[in-house]
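Dear colleague,

Please find the structure below for your review. My notes on what was found follow it.

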Amino acid sequence: MNIILAKKQLSDDVFMMRLACPHIARERLPGQFVILQLDNEFGERIPLTIADADPVEGSITIIFQTVGKTTHNLADKQAGEAVQSVLGPLGQPTHIEKFGTVVCVGGGIGVAPLHPIVKGMKAAGNRIIIIVGARSRNLIILEDEMRALADEYIVCTDDGSYGRKCLVTEPLKEICERTPKPDLAVAIGPPIMMKFCAETTRPFSVSTVVSLNTIMIDGTGMCGGCRVSVGGQMKFACVDGPEFDGHKVDFNNLMQRLKAYRKVEDHAHHKCHLESEISQKEKELL
Amino acid sequence: MSHHSFEDLAKAASDELDVLKKRVAPLTARDRMAIPVQEMPTQDPAVRRRNVQEVAMGYTPEQAQVESLRCLQCKNAPCVQGCPVRIDIPGFLKAAGTGDFQGACDIIKQSSLLPSVCGRVCPQEVQCQENCTLGKALKSVDLAVSIGRVERYVADLERETGKTKPPVIKPETGRKVAVIGTGPASITVAADVRREGHQVEMFEAFHKPGGVLIYGIPEFRLPKRIVQAEFDALTAMGVKLHTNFVIGRTRKLKALLDEDGFDAVFIGTGAGLPKFMNIEGENLVGVFSANEYLTRANLMKAYDFERADTPIYRTGKVAVLGGGNVAMDAARTAVRLGAEEVHVIYRRTEVEMPARVEEIAHAKEEGIIFHLLENATRLIGDENGCITGIECLRYELGEPDASGRRRPVEIKGSEFIREMGTVIVAIGNDSNPLIPRTTEGLATTKWGNIIVDDAGKTSLDRVFAGGDIVLGAATVILAMGEGRRAAASINELLKK
């Protein structure tokens, strides 16, 4: 189970893997995610979005950024090796129908979960405008795949190394100002980006769906670690989400909650970097 | 209560047994009543506050035998009436009283599948031991025969000496049953159905089986190796286990019946949806459901700071809101994670606390501070959204309510602040909505509990349910009783 069929490095710290998970591949729908664990004794469980799936091959595609110990260790694994635990598909699938024009905003690694949603929206007959943002050109992922689905494709980079030098909210605002305005916006990326996308679309009353990647343990509603405040009500991202109305999410609370273990994790991350540097040094010496 | 050392308790029992053995005439009821109750040896509170090893160390063989000899062997056996699975309690105590511990274990296993677990976590003081004639005669349930401690002893002995016998399994019938969840209700169903020769496949969402026995009840109260041994026994019987498999998502319940060839399904998914208090500040950083806190500590082993990747929030002052066993587990876990002060805040008085008396006593021995007739009204945070304190309100006892308990009444204007770095909400669980939401036609109550008939059958054909998903949050033994009933119905259905 969970054999890595293929692995590809998409940028400095972003990797794509195809995993043999036939049950998940068969059931998953756009918007859903998995929880993955590398070591059932002492490993942590991390939620990862599903970027694509092939039910015939029985595989799912995950795209992840190396940000902590588990993602670093996952990136070190090679095709042919197995991942001990993959649970899914979790969360409510994206609500897909023919809305008209859908503007899809993806920031950094957020383009990965956006991809199946765009695919679904396109297949439902929507006109698709894609805005992709990243710090710099080498961090843009899935460009060919997304261009193939887009009626309009806009790239923004912070450093101006590719496309427009601006934040994604600038083209998003321009699109909202068009007549007719878009019927729906979908924004997936860092919480701060989703927050400002929601603020951009709010004055235009363009419904905006965001997908929240919260801290989670079980992913089935049991722990409540993923709780978020949506319209003043407590919701669990794992079973009620991960997608919510961006105009109602309390992003400030979300961002604070995501930092809950920052101190511990910085320490662990530092340790894990040290370990990989040491092993690198050892290899050089041999 | 002062702490008695293991050595002292062992010696006292050994001396007592020597005296009893020298007797020629059979023991009279009066003699039995005079035998002192055998106290459970426990780790010294000062030591156990900083480790996760089991608190209760278990009886010595002499203690088990002496305690068993206290049983009056009542003809009407009121204790059995108090046992949800109707174990022949006088029967097994009689055997254990002669030193035949294996015989005692065999008798228990005719009715109960998990004696090592139940001996530890059953609330015997409100079940078998509450009805015990000896306790009544001596005017204290604390002086009843310690049925649970003897049960634990004989079951541990069997397991530790490798004498566990695989149950006899009838010839394969070719029928197949899916069991969803791997907690106590599901374990019971799996074993009872498999014994009849049907294939059984269990589905667990987590990466390890055991449900609440694994993620909820801490190591220091129920060592995980015991739960694992129960699963090894099920696997040896031929039960197939799928971990990381969540029915409703990885596969729909109806697909199990319609496409995957299962003849019946049992739902035992438990009460896994934590309740919060719906007060201001509950989403602050540092506020946790007891489920999350305990899962991090138990299943994810966050207490092992060096090896575990899963972090756990650690601060000097920790408050637990609630007064049940889960609240005690969370508070005692916080102590072991190094908290300087752990406070339990409960709205009523100690008498009304749903936690077992023994758990409350252990918590007190470990230095946990109880604030009774007090309730949180608001959680207060700093500019980073981290919890810094609880606004509490004091209560007093008013007139008795319909249940006869004196109702706590708030004292207006008594608000004050307790500074806290962590708050754990342990006020219970609702039923997990995942299966009802993804299974059309499955009838539930307005609280989301699955509705079953007297046979444990749901509104859907060939679908049964039991345990906390039906009862709401209850106990291990009640879940097992439910499982037993549903298993009997499934076996009946598959005869046809």
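A nonpolar core is a set of buried Ala, Val, Leu, Ile, Met, Phe, Trp, Tyr and Cys residues joined through C-beta atoms within 7 Å; a residue is buried if 20 or more other C-beta atoms, placed from the backbone, lie within 10 Å of its own. This is a predicted model, in which local features need pLDDT of at least 70 and side-chain atom pairs count only at pLDDT 80 or more, while totals for chains, interfaces and linings use all residues. Residues are numbered from 1 along each chain as its sequence is written, and chains are lettered from A and ligands numbered from 1 in the order in which they are written.

The largest nonpolar core has 216 residues, and Phe266(B), Ala330(B), Ala331(B) and Ile424(B) have the most contacts inside it. Helix H21 of chain B (residues 476-495) gives the largest share of this core, eight residues. Helices (H or I, at least four residues) and strands (E, at least two) are DSSP runs, numbered from the N terminus.

Chain B also holds an open sheet of five strands in the order E6-E14-E7-E8-E9, with parallel pairing; two strands pair if DSSP finds at least two bridges between them. The edge strands are E6 (287-289) and E9 (369-371) of chain B. Five bridges join E7(B) to E8(B), and Val342(B) in E8(B) is the bridge partner of Val318(B).

As for the contact between the chains, 34 residues come from chain B and 35 residues from chain A, where contact means C-beta atoms, placed from the backbone, within 7 Å. H16(B) provides four residues, the largest share of the side of chain B that touches chain A.

Conventions:
Two residues are in contact if their C-beta atoms, placed from the backbone, lie within 7 Å. A residue is buried if 20 or more other C-beta atoms lie within 10 Å of its own, exposed if 12 or fewer, and partly exposed in between; C-beta atoms are placed from the backbone.
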